[in-house]
Amino acid sequence: MPATSLDQIVALAKRRGFIFPSSEIYGGLQGVYDYGPLGVELKNNIIADWWRTNVYERDDMEGLDAAILMNRLVWKYSGHEETFNDPLVDCRTCKMRWRADHIHGVCPNCGSRDLTEPRPFNMMFRTQIGPVADSGSFAYLRPETAQGIFVNFANVLTTTARKLPFGIAQVGKAFRNEINPRNFLFRVREFEQMEIEYFVMPGTDEEWHQRWLADRLAWWEQIGIPRSRITVYDVPTTELAHYSKRTFDLMYEYPNIGVQEIEGIANRTDYDLGSHSKDQEQLNLTARVNHNEDSIARLTYYDQASGRHIVPYVIEPSAGVGRCMLAVMCEGYAEERTKALPVEKLAAASEALQAFLKSVGRSEKLSSEARDAILARGEALSQELAERLPEVEQLLAMPGADQIELGKKLRGQVQPLIDEHYRTVLRLKPRLAPIKVAVFPLKRNHEQIVATAKAVRRQLQAGGQMRTVYDDTGAIGKLYRRQDEIGTPFCITVDFDTIGQGKDPALAGTVTVRDRDTMAQERVPIAELEVYLREKVMA
Ligand code: GAP
């Protein structure tokens, strides 16, 4: 079962070093996060998989890495200066500011309905260029990577001699001054986009739009989000962005946040190339664009068949890396029992839970909302305690639960049981896993075992494809659990048999390989390890 609460992912991300709040030691910066040692590996693997599928495994794609800072005229003609706005309202009671379409007329902070009329708030960040701060010396941090592709269309076309249809892919940072950043990585002010602008003959755009929809759904499935978990939202005309003729939003059901966009696939028509072109009146544009007096280029394509210069239409699949990472973590997350619980210990835990709930019911320290919420969750848990024992931790983290003395007793009863009988596992596709293989010595102070384990680590890491780590900081069971939790698909243990000092001399030169998902263990000769693992870690 995927994560049932975003809190599970937030806690794991922090505990194991996937994500940290930006500038945390100074109180953080709202809507901005840093990717820690495991987060950067997962993020890089997602990007590499996207690039491999969309650039290397196709014949019709080029790559690009345009600068974040661009001439501000780009944002004038793209339409962003005029239309990249969110509706802002102020609460007159508590003075908080909100995005009008997120709050249904009620201030989430104080409950007041006394709000100002919505007014447009432009989401682009400004920065100063050069030493003199005057009205003309600013630039924007790009709010989408797409424009870097459009303004380089002619450069790419002339240097690669591509024929339509073809696409340009780019991955890079984008910045939006979101009014209320929230939900962890889901809505942030600085994020990365993976974008494709795919240029086609006008008239073939609708067919290509459908083809990209199918290709992109296949990619999401490939990285571990089943087709059944994604809904395709055909965005109604009234909600379309200013450049779009039609957009399909791919929606994933995140815990707590609900069904939300992870990728948009838009038909941008000839709007962008047309907007950035000179001589627009000669181009037979179908999109309504602002008259361009500044561009020095015609962004057209010479169609040999018709002998005409045309402005291609554009299909744009655009996905956020952070939202993708959040989805794969939610989807792969599971808390599961690894062995049966002793009956008497389960009975004792159940008793402690009932005593705790009784105490909650009687408590006068709790608000009625807090009491009802704890009781509802606790009673649901008690129905299937053996399956859901680890959720007791979340129960005890609910507002008000720390005021109940019997909570400590309940924790004391269940924690050892959770540690021994359950595991948290992140069932990431191996190709996305931050670490592919972990190598453990059975005894951390045995010279030959340690040396062999370190040599195995070095050997597997040498090719550069398998991120392999060495760990000797606990007993083997604990080390397995640590790797399960971060999604490592394979753990290798070097033991006395490996070095020819075990019971079975036939096992000399072999190690135990343990599979994250099945927990099955297999003996594999060290000499064959690389071949044994190579394909499996890229599955
Ligand atoms: N070039 C088209 C474009 O930028 P968008 O729907 O505004 O379209 C594309 O953004 C994707 O970028 C979204 O589907 C989402 O995955 C990601 N994204 C947009 N705003 C975001 C934010 N504030 N925080 C995190 N990801 C965001």
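Strands here, like helices, are DSSP runs numbered from the N terminus (E, at least two residues, for strands; H or I, at least four, for helices).

Before going on, a word on the source. This is a predicted model, where local features need pLDDT of at least 70 and side-chain atom pairs count only at pLDDT 80 or more, while totals for chains, interfaces and linings use all residues. Residues are numbered from 1 along each chain as its sequence is written, and side-chain values use heavy atoms, with hydrogens and water left out.

Now some distances. A polar side-chain atom of Glu 195 lies 2.5 Å from a ligand nitrogen. At Gly 320, a backbone N or O atom is 2.9 Å from a ligand oxygen. Arg 323 has a side-chain N or O atom 3.4 Å from a nitrogen of the ligand. How much of the ligand does the protein cover? The answer is 91% of the 550 Å² of accessible area that the ligand has on its own, by the Shrake-Rupley method with a 1.4 Å probe.

Next, strand 16, residues 313–320. All 8 of its 8 residues are buried, so strand 16 is largely enclosed by the rest of the structure. Buried means under 20% relative accessible area, exposed means over 50%, and partly exposed is in between (1.4 Å probe, protein chains only). In a regular strand the side chains alternate between the two faces of the sheet. Here both faces are covered: Tyr 313, Ile 315, Pro 317 and Ala 319 are on one side, with Val 314, Glu 316, Ser 318 and Gly 320 on the other.

What are the partners of strand 16? Strand 10 (residues 190–200) pairs with strand 16 in the antiparallel sense over 6 bridges, and Phe 199 stands opposite Val 314. Strand 13 (residues 258–269) also pairs with strand 16, antiparallel over 6 bridges, and there Ala 266 has Glu 316 as its bridge partner. Pairing requires at least two DSSP bridges between the strands.

A quick stop at Ser 306, in the loop between strand 14 (301–303) and strand 15 (308–310). Ser 306 is partly exposed, at 37% relative accessible area. Its side chain makes a polar contact with the side chain of Asp 303 at 2.7 Å. For a polar contact, two N or O atoms lie within 3.5 Å; within protein, one must be able to donate a hydrogen and the other to accept it, and residues adjacent in sequence count only if both atoms are side-chain atoms.

Finally, strand 19 (residues 437–441), where 5 of 5 residues are buried. Val 437, Val 439 and Pro 441 cover one side, with Ala 438 and Phe 440 on the other. Strand 19 runs parallel to strand 20 (residues 468–470), joined by 3 bridges, and Val 437 stands opposite Thr 468. Thanks, everyone!
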